[in-house]
Amino acid sequence: MSAPTPAPLRPALHAEDTLLARLLDGTYPPGSTLPAERELAVSLGVTRPTLREALQRLGRDGLLEIRQGKPTRVLHPHEGGLRVLTHLSRHGELGRMVPDLLDLRAALLPHWVAQTAARDPRALREHLASPPAESDDADLPRIFTTFDWTFQTLAAHGSGNALAPLLLGAFAEVYARAGAIYFSDPQRRERSREHYRALHAALPLGGIAAGQVARSTSLDSLHLWEARRV
């Protein structure tokens, strides 16, 4: 049976995707203004109402500044919010984002793990007790990604910080893509299993010990990526 043909994008999503590619490849660099609405709609092959929908979406995500009666200004991706991450990950920036994600994880996760250990580590410890085993399953990178995401989610919720799950959730789609890259390497999977075992053993020892182990293992993941990336 042949693979199903992907459904065509809706016109507004097609316009958004094409325009986003132009923003990221420098066709419309940060600080510049977009062409007039009529000209831009023709170049994208869409109607002006469809174009406006795409522009509003990119403006909402912090990539454009839409000013009433004035040309639309292109913003630098760094000026946008966390939603920009998803766009960048879809357009060739994901590989360069992995070390930054690992670095951010090393800054936040140890604190969440320490707080969870001090409050109630039972759910987190139960999860860490059964990491995925190595196998020939081609889906193993995704399985590890899901396991690791659940680990982070339990730590964020267990920390008692109401903002932690919201902050983590902003990275869900990006992490799903990045995790598939990171966990494609058997050595990184084996090292992660060692990390899970160490964290499982540290949780009953209290917040300080668990946080120290979480920081050590998080930094080790970053160093392992840096040592083996192509």
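So, the aromatic cluster: Phe 144, Tyr 182, Phe 183 and Trp 225 are linked by ring pairs, where a pair means ring centres of Phe, Tyr or Trp (its six-membered ring) within 6.5 Å. The structure has six aromatic pairs.

Quick caveats. This is a predicted model, with local features needing pLDDT of at least 70 and side-chain atom pairs counting only at pLDDT 80 or more, while totals for chains, interfaces and linings use all residues. Residues are numbered from 1 along each chain as its sequence is written, and side-chain values use heavy atoms, leaving out hydrogens and water.

Stepping back, the protein has 11 helices and two strands, taken as DSSP runs (H or I, at least four residues; E, at least two). Out of 230 residues, 40% are buried, meaning under 20% relative accessible area with a 1.4 Å probe, protein chains only.

Now, the second largest pocket holds about 290 Å³ of space. It has 15 lining residues, and the closest to its centre are Glu 37, Leu 55, Ile 66, Lys 70 and Thr 72. A pocket here is an open set of points on a 1 Å grid where a 1.4 Å probe fits, with protein on both sides within 12 Å along at least five of seven lines; lining residues have an atom within 4 Å of a point. Which helix gives the most to that lining? That's H3, with three residues.

Definitions and conventions:
Buried < 20%, exposed > 50% of the residue type's maximum accessible area, 1.4 Å probe, protein only. Phe/Tyr/Trp six-rings, centres within 6.5 Å; stacked < 30°, edge-to-face > 60°. Points joined across faces, edges and corners; volume = space filled by probe spheres on them.
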